[in-house]
Amino acid sequence: MVMVIIRRIICIFMCLIAVLGNSFQLYAAERTGQPTHREVKYNNKLKKAHTPQEVIDQIDEDFKEYICENMEKNEYFESYEYEDVAGENLKGREDNSKLKRALSNSDMELKVFATRVKINGIEYGKIYPSFKWKKSAAIKNDSFAFALYSGWSSKTNESPKLTIAAYRENKIINSNNITYALANEAGYVFRIPRTYGMVPLPQGGYFRGYTNFYARKVNKRAENGISLTYVHDTSSLFNVSYGINIWFASISITKQSNYLFTFSKNLGFSYSTK
């Protein structure tokens with residue numbers, strides 16, 4: 001009986017050492033700026049997909065996690081593009097100059113990670129559009145839309161989800177998956193619910209979103225590119241009622257308002273059939 005108790009104590013002690021060891025490794029990695037064990041795993045998976053090291057170094061750990069969790073075995077890297085974008089008011093009223101200054105170049109980052117993949121013998125481009133708020137902001141009633149350039153066609157029998165995640169001090173607080181509000185061969189529109197992200201996160205908090213979809217190049221001479229737009233409703237008490245239309249390389253908002261701001265960018269991507 002005594003030996004059984006001793007073995008149990010030793011077992012508990014060893015488990016505590018393992019937990020504390022892992023916690024210390026994570027803490028040390030964060031303190032020294034070294035990749036965490038999790039990030040090393042993602043880096044290795046991206047390398048197997050032929051992603052260049054300089055690109056891997058540019059992608060933050062959260063985006064790596066999303067890409068790797070959605071990456072298939074026969075999927076290979078093509079390109080990675082990103083850019084900071086300034087918010088623009090649809091009416092361009094001078095009385096919004098103070099708010100417009102608040103939505104600066106450093107507030108929103110739009111990204112596109114592109115790969116190629118073969119499904120049932122057919123080559124597809126796989127596109128990972130993403131947005132990232134670089135400051136604390138409410139996102140209720142906002143939208144994220146993207147449209148391919150002419151000569152491309154999205155795989156319309158797919159049902160991609162937009163994953164929206166809330167972060168505080170670079171750690172995820174919660175996440176939600178949103179179904180698209182509009183889809184056609186050019187792309188997708190996602191509408192963030194009016195009840196989600198109603199207030200800005202505490203200081204150091206921010207929202208970001210990820211999705212992915214398949215597309216075929218139906219015209220060999222087509223330019224490889226995608227138009228992205230994030231619509232931001234800055235109203236505090238009431239939500240602005242608006243719609244979004246998409247077609248190839250075109251995203252239009254059906255209503256102009258002092259409270260609506262857009263972050264838009266056209267980004268290119270690579271695509272090569274093997």
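In this predicted model, six strands line up in an open sheet, in the order S2-S16-S13-S5-S10-S9, and the pairing is antiparallel. Strand S2 (88–89) and strand S9 (182–184) sit at the edges, each pairing on one side only. At the S9 end, the partner is strand S10 (residues 187–191), joined to S9 by three bridges and running antiparallel to S9. To find this pairing on screen, look for Ala183, whose bridge partner in S10 is Tyr188. In general terms, strands of a sheet pair through backbone hydrogen bonds, in either a parallel or an antiparallel fashion.

Eleven of its twelve residues are buried, so S4 is largely enclosed by the rest of the structure. S3 and S4 make up a hairpin with two residues between them, and Asn120 in the turn takes a positive phi of about 50°.

Turning to charged side chains, the model contains 16 salt bridges. One of them joins Arg208 to Asp62, with the closest N and O atoms 3.8 Å apart. This pair links distant parts of the chain, since Arg208 belongs to strand S11 and Asp62 to helix H4, 146 residues apart. Are these two residues buried or exposed? Arg208 has a relative accessible area of 0% and is buried; Asp62, at 13%, counts as buried too. The cut-off for calling a residue buried is under 20% relative accessible area.

A second salt bridge is found between Lys111 and Glu109, where the closest N and O atoms are 3.3 Å apart. Lys111 is buried at 3% relative accessibility, and Glu109 is buried as well, with a relative accessible area of 11%. Through shared partners, salt bridges join Asp60, Asp62, Glu109, Lys111 and Arg208 into one network. As a general point, side chains of opposite charge can pair when their charged atoms come close.

The salt bridge between Glu83 and Lys265 has its closest N and O atoms 3.2 Å apart. Glu83 comes from strand S1 (residues 75–85) and Lys265 from strand S16 (residues 260–268), so this pair ties together parts that lie 182 residues apart in sequence. Here the accessibility picture reads as follows: Glu83 is partly exposed at 33%, and Lys265 is partly exposed with a relative accessible area of 29%. S16 has already come up, as a strand of the six-stranded open sheet.

That leaves the helices. Two packed helices are described by the angle between their axes and the distance between those axes. For helix H2 (residues 37–48) and H4, the packing angle is about 55° and the axes are 10 Å apart. H2 and H4 are therefore oblique to each other, and their crossing is left-handed. Which residues meet where these two helices pack? On the H2 side they are Arg38, Glu39, Tyr42, Asn43, Lys45 and Leu46, and on the H4 side Glu61, Lys64, Glu65, Ile67, Cys68 and Glu69.

Setting aside neighbours within four places in sequence, Glu61 is in contact with Thr36, Arg38, Glu39 and Tyr42. Arg38, Glu39 and Tyr42 are among the H2 residues that meet H4. H4 also carries Asp62, the salt-bridge partner of Arg208 in strand S11.

Notes:
Residues are numbered from 1 along each chain as its sequence is written. This is a predicted model: local features need pLDDT of at least 70, side-chain atom pairs count only at pLDDT 80 or more; totals for chains, interfaces and linings use all residues. Side-chain values use heavy atoms; hydrogens and water are left out. Two strands pair if DSSP finds at least two bridges between them. Helices (H or I, at least four residues) and strands (E, at least two) are DSSP runs, numbered from the N terminus. Contact means heavy atoms within 4.5 Å. Buried means under 20% relative accessible area, exposed over 50%, partly exposed in between (1.4 Å probe, protein chains only). A salt bridge is a side-chain nitrogen of Lys or Arg within 4 Å of a carboxyl oxygen of Asp or Glu. Axes are lines fitted to C-alpha atoms, for helices over the stretch in contact, and angles run from 0 to 180 degrees between N-to-C directions. Angles under 35 degrees count as roughly parallel, over 145 as roughly antiparallel, 65 to 115 as roughly perpendicular and the rest as oblique. A crossing is left-handed if the near helix is turned anticlockwise from the far one by less than a right angle, and right-handed if clockwise.
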